[in-house]
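Hi,

Here is the structure I promised to pass on.

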Amino acid sequence: MTSTTARSEHLHDRPGWDCQVCRQPWPCAEARSTLVTEFRSFPSVLTLYLSNKLYDAMLDLGTDADPDLYERFLSWAVVDN
């Protein structure tokens, strides 16, 4: 059985690190929402996952990297208890 559902996952597109669906800088608002829901029970794992993605983005973007990559990838995922 094949799926006829259009791809709607808001995933990153390397090497530019824009969302494959909405073309906003990844993680876009939809990706952030999905990630928070997916990792709700494991916020520290979300931080590790995003740290890895930040590292990959820094390697891919090189000197073209946005100086605010921490804000883009990690600051929103920090949970205050």
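Let me begin with the aromatics: W17, W26 and F73 are linked into a cluster by ring pairs. Bear in mind that this is a predicted model. There are 4 aromatic pairs in the structure. In one of them, W17 and W26 have ring centres 6.1 Å apart and planes at 55°, so that pair counts as tilted. Both W17 and W26 are buried.

Another pair is F39 with Y49, and this one is stacked, at 5.7 Å centre to centre and 25° between the planes. F39 sits in the loop between α1 and α2 (43–61) while Y49 is in helix α2, so the pair ties together parts 10 residues apart in sequence. F39 counts as buried, at 13% relative accessibility, whereas Y49 is partly exposed at 30%.

Now the cysteines. You'll find 0 disulfides here. C19 is buried, with a relative accessible area of 0%, and C22 is partly exposed at 30%.

Last, the largest pocket, with a volume of about 230 Å³. It is lined by 13 residues, and E9, H10, L11, T34 and E38 are the closest to its centre. Helix α1 (residues 29–38) gives the most to that lining, with 5 residues. By class, the lining has 6 nonpolar, 4 polar and 3 charged residues.

Cheers

Key. Residues are numbered from 1 along each chain as its sequence is written. This is a predicted model: local features need pLDDT of at least 70, side-chain atom pairs count only at pLDDT 80 or more; totals for chains, interfaces and linings use all residues. Side-chain values use heavy atoms; hydrogens and water are left out. A disulfide is a pair of cysteine sulfur atoms within 2.5 Å. Buried means under 20% relative accessible area, exposed over 50%, partly exposed in between (1.4 Å probe, protein chains only). On a 1 Å grid over the protein atoms alone, a cavity is a set of points where a 1.4 Å probe fits but cannot get out, and a pocket is an open set with protein on both sides within 12 Å along at least five of seven lines; lining residues have an atom within 4 Å of a point. Grid points are joined across faces, edges and corners, and a volume is the space filled by probe spheres set on the points. Helices (H or I, at least four residues) and strands (E, at least two) are DSSP runs, numbered from the N terminus. Ala, Val, Leu, Ile, Met, Phe, Trp, Tyr, Cys and Pro count as nonpolar, Asp, Glu, Lys and Arg as charged, and the others, Gly among them, as polar. Rings of Phe, Tyr and Trp (its six-membered ring) pair if their centres lie within 6.5 Å; planes under 30 degrees apart count as stacked, over 60 as edge-to-face and the rest as tilted.
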